[in-house]
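Work through the exercises below with the sequence and the model side by side, and try each task before you read its solution.

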Amino acid sequence: ELAAEREQRQVALGDLRDALARKADKDSVDEMHVRVASDGKHSEEELKLKSDHLERKVAQIERAVEQARQDIAQRARTAALDELGFAHDATAGEVKELKVDLENVLRNLE
């Protein structure tokens, strides 16, 4: 009777050890799930920060490109006005020369 009881206790002890091992395995798996979820959330947060940073950089570059376009357009307008001014000055000089030539011709005719 003692031997049977001892064997039952050993079987119960074995069952208890198996149950504890399964519980430890389950806890380990649960812990890994939590860690993976946490790591995933952390990675997601890092990606969001990087994405936000890149979006700010793109916006900054777009503003710089737009400013450069405006600067180029202003320079083109200034260059066109300068060219008109040079053309006007040249035309005014030619008109003066023609006036002098005309005055000389009129003097010669008198």
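**Exercise 1.** Is Glu-66 buried, partly exposed or exposed?

*Solution.* Before starting, note that this is a predicted model, in which local features need pLDDT of at least 70 and side-chain atom pairs count only at pLDDT 80 or more, while totals for chains, interfaces and linings use all residues. Residues are numbered from 1 along each chain as its sequence is written, and side-chain values use heavy atoms, with hydrogens and water left out.

Step 1: recall the classes, in which buried means under 20% relative accessible area, exposed means over 50%, and partly exposed lies in between (1.4 Å probe, protein chains only). Step 2: Glu-66 has 37% relative accessibility, and therefore it counts as partly exposed. Step 3: apply the rule to Arg-69, which counts as exposed because its relative accessibility is 54%.

**Exercise 2.** Describe how the side chains of Arg-69 and Glu-66 meet, and where these residues lie.

*Solution.* Step 1: side chains of opposite charge can pair when their charged atoms come close. Step 2: Arg-69 and Glu-66 meet in a salt bridge, with 3.9 Å from N to O, the term being used for a side-chain nitrogen of Lys or Arg within 4 Å of a carboxyl oxygen of Asp or Glu. Step 3: the two residues are three apart in helix α1, so about one helical turn separates them; a helix here is a DSSP run of H or I with at least four residues, and helices are numbered from the N terminus.

**Exercise 3.** How many salt bridges does a search of the whole structure find?

*Solution.* Step 1: the search finds six salt bridges. Step 2: one of them joins Glu-31 to Arg-35, whose closest N and O atoms are 2.9 Å apart, and both residues lie in helix α1, four residues apart. Step 3: another salt bridge joins Asp-52 and Lys-48, at 3.0 Å from N to O, and these two are likewise four residues apart in helix α1, about one turn of the helix.

**Exercise 4.** Describe the overall form of the protein, using its secondary structure and its radius of gyration.

*Solution.* Step 1: the secondary structure comes to one helix and zero strands. Step 2: the radius of gyration, taken over C-alpha atoms, is 47 Å, whereas a compact globule of 110 residues would have one near 13 Å, by the rule of 2.2 Å times the number of residues to the power 0.38. Step 3: the C-alpha atoms fill a box of roughly 160 × 10 × 5 Å along the principal axes, and 0% of the 110 residues count as buried.
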